[in-house]
Structure formats: C-alpha cells, structure tokens
Amino acid sequence: MRAFTTAEILSIGTEITVGETRDTNAGDLARALSERGVVVVRITGLPDDQPAVRDAFVAALARADLVVATGGLGPTPDDLTRESLAAAVGERPSVEPDVNAWLEALFARRGLAFPEANRKQAWSIPSATIVPNEHGTASGWWVDRPDGRVVVVLPGPPREMRPMWAGWVEPRLLERGLGRPITAVTLRTTGLGESVIADRLGHFLDRDANPLVATYARSDGVDIRISATASDGRTPGALVAEAEAAVLALVGDAVWARGSTTWPEAILAELERRDQQLAVVEIGLRGALLGLVGEGLGQRLAFAESLQARPAPHDGHRADLETLAGRVRELGDCEVGLAVEVVPRGGDLAVTVAISTPESDHREHRLVFLDGSLGRSRAAIAASAILLARLRAGSAAG
C-alpha cells in the first residue's frame, strides 16, 4: 500500500484566478497536511477551463502521492472539475443513483422542482467513492488510482470543505498511511529582520536538511519554524530539540515566544504570574498600542488612554515620560505603568518607552522603520517587546 508523503493542492475556479475570491482552502489543507508530515510540493490556482484543469490533474498525479482539489463542483456549466478529472483518468461520468435520489429528496422536502442542472452533482466515475456533504449539495469524490495514488475533490465553500476533510477524508487517509511522524516548533522573534536572521543562521537554513529550519516574515516579526522526521535512529523530538538549542544560541536574544503566542497573550501571562495590573498611556500612536494589546489583557488592564500630544502641567513644563508612566499607574491604582511616545524623525518614528513600578523606573528608545500607520504598528510592537522583557526580568529577579 502506498504511503502518502507528498501532496499537491489544486484550487479551481475563475473567481480565484481573477482575484474576486480569496483562496483560504489551500492554506488550511497545506497546514493540515504539513502537520501530518506530508510535504506539499505545489499549490496551483486554476480557472474554470477544462483542458487546463485536466492537465493539472495529470501533472499532479505524476508528481505526488495525494492530490486534493477544491472548487468547481457546482451545478453550472462553468463547474468543470468532475469532467476534468474524469478525462484525466480516462473514465466517463454517469449519474450515481443514490446521490441522485438524495438530491431530489432535498428539493422535494422544500417543495421545489428539481433543476436538471443539478443532475451533474450526482455524477460519479467507476474509480470514485462519494464523499458526503452534510452542508451543501455538492458531494466530493475520492478517486483511487491503480498505482495507489489518490485524488480527492471537495467543494469550494470552506464551510463545506472543512468538515468533509476533517470528518471523512483525513481519517481515511490516516488509515492508509498519511505522512510521517513529525515534530515541529515555532520560535517567534522581534527586533531583527529576516535577512539578519538568515545571515546568523547560515547553513541551518539548507532546504534539504533534517531538521528543516525555515523563516517566515509576519506582520509582527519573523517566525523560525524547526521541523523534523525520524532519521538514523533518532526521534523527531530529539532532532528538533538539538536544532532548537543551536538556533537559540544564534538568535535567542530576539526570541520572545513559541508557537502561535500573541503579544497580549505573552504580556497577560507575565502579569498573571506576577499578579499585577497594567496602566497604559500612548502618545502619537493613534490607538496602535491599545489595539495591539489592550483587549487581550482583560481585567489586567486597569487604565488606558491614547493622546495625540504629551500633556503639559499647569506650570507650562512638559512632564517627562517617566512621570506620565507613574501617573497612569496611580490612576489605575496598579503595579505597572507604561507610557509610550512616538515622534517623526526623518521619515521614521522615534519611540520612547517608560515603565514605572513601585520599585523602579525604566526608559528605553527605539527607532522604527517608516512613519504613518506602518510605523505606528512597529512602534507598538517595539513597546510591547520592551514591556515584556521588563516584566520577565522582574519575574526572574523575584
């Protein structure tokens, strides 16, 4: 029996190739397969063109153990996935009586005439097994090939595709040997660009290595994913742990979290560990910092305010940022006060962060790339990183 260690994903529909519909199915399927240790060798978007879709099936079956296609299973003339796959495998589609009866019953119990156009949604081919759809009228196909490869076609709407994949397709693939045991860890970094990280990691980023180390630029930083399968008698976990230690030795100063942890989750965890609350004032960020972390802190956020400019005391002198951090801490009647101010500087933003606690005050400066909304978002991340580092330092000291 063939094991499924490689896969291709086909996203079918002109609405995808002209940009009218955003394809989320491919990402969901690629993630699900990768987590099982399957290498997704290609993801292809295709228009509703029968020769193009047919040729894509033929090519994918020559390269991968598993082909998963979504879309093109509706009742209209431009829904051509069934015809295309049938042509690719040299079979002729015909009406499957049980599916046809089920479709007719769906319309009958609603008091509607059965449109003849829907009859094609009851088609099948000799090598196909019907994948039931409990959330729509488009059944899927599971097609077995003589060499052990499998093609799965599923509807395009995610609300239909996802339960069909998780509830019917994936369990059967697992029974047949889906993927390989894999261990993976993601390290979240901040303060270093992807090119700097790549330069530090050097040969660790070799694409044919096991463990595989890869970098992914995100809106809030760069993630480093380390994954491994068993090799030379060593478990995936042992290989990942060894690689992680080596990566941390090179870029550990920039790593602030693991997995899918967000900034508010990381800060909230430290506040809860210290049993403290936080008060925040941001100046010139137009809500960027409060938008990034505010809602996620829940009751641990005692006070929050967004100002356009730093306020001046009654004597006309501007209060320094440490004083503002202390003031908001008093207003929130809490343990940690955070004041953040941004000032434009040569097309970028100068960021100043002040943190006040009963024990001490702390102040840091950063210069973030660009001004405007992108710069403000980067400034909010820089402030969050400084706050998180100080909270962790305090926890370690305590």
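A: Begin with two terms. A residue is buried under 20% relative accessible area, exposed over 50%, and partly exposed in between, with a 1.4 Å probe and protein chains only. Helices (H or I, at least four residues) and strands (E, at least two) are DSSP runs numbered from the N terminus. This is a predicted model, in which local features need pLDDT of at least 70 and side-chain atom pairs count only at pLDDT 80 or more, while totals for chains, interfaces and linings use all residues. Residues are numbered from 1 along each chain as its sequence is written, and side-chain values use heavy atoms, with hydrogens and water left out.

Q: Which strand is joined to β1 by 7 bridges?
A: Two strands pair if DSSP finds at least two bridges between them. Here β1 runs parallel to β2 (residues 39-46), with 7 bridges joining them, and Ala 7 stands opposite Val 40 of β2. Strand β3 (residues 66-70) is also parallel to β1, joined by 5 bridges; there, Ser 11 has Thr 70 as its bridge partner.

Q: Which residues of α3 are buried?
A: As a general idea, an α-helix has 3.6 residues a turn, so residues three or four places apart point the same way. In α3, the buried residues are Val 53, Ala 56, Phe 57, Ala 60 and Leu 61. Seen down the helix axis, these buried residues fall within an arc of 125°, so they line one face of α3. The arc is taken from the directions from the helix axis to the C-beta atoms.

Q: What volume does the largest pocket have?
A: On a 1 Å grid over the protein atoms alone, a pocket is an open set of points with protein on both sides within 12 Å along at least five of seven lines, where a cavity is a set in which a 1.4 Å probe fits but cannot get out; lining residues have an atom within 4 Å of a point. Grid points are joined across faces, edges and corners, and the volume is the space filled by probe spheres set on the points. The largest pocket has a volume of about 1100 Å³. It is lined by 31 residues, and Ser 34, Glu 35, Tyr 216, Arg 225 and Ser 227 are the closest to its centre.

Q: Which helix gives the most to the lining of the second largest pocket?
A: Helix α12 does, with 11 residues. The volume of this second largest pocket is about 790 Å³.

Q: Where does Asp 232 lie, and is it buried or exposed?
A: Asp 232 is in the loop between β11 and α8, and it counts as exposed at 77% relative accessibility. Its phi is positive, about 55°, although Asp 232 is not a glycine.

Q: Which residues does a cis peptide bond join?
A: The cis bond joins Asn 210 and Pro 211, with omega about 15°. Pro 211 belongs to the loop between α7 and β10.
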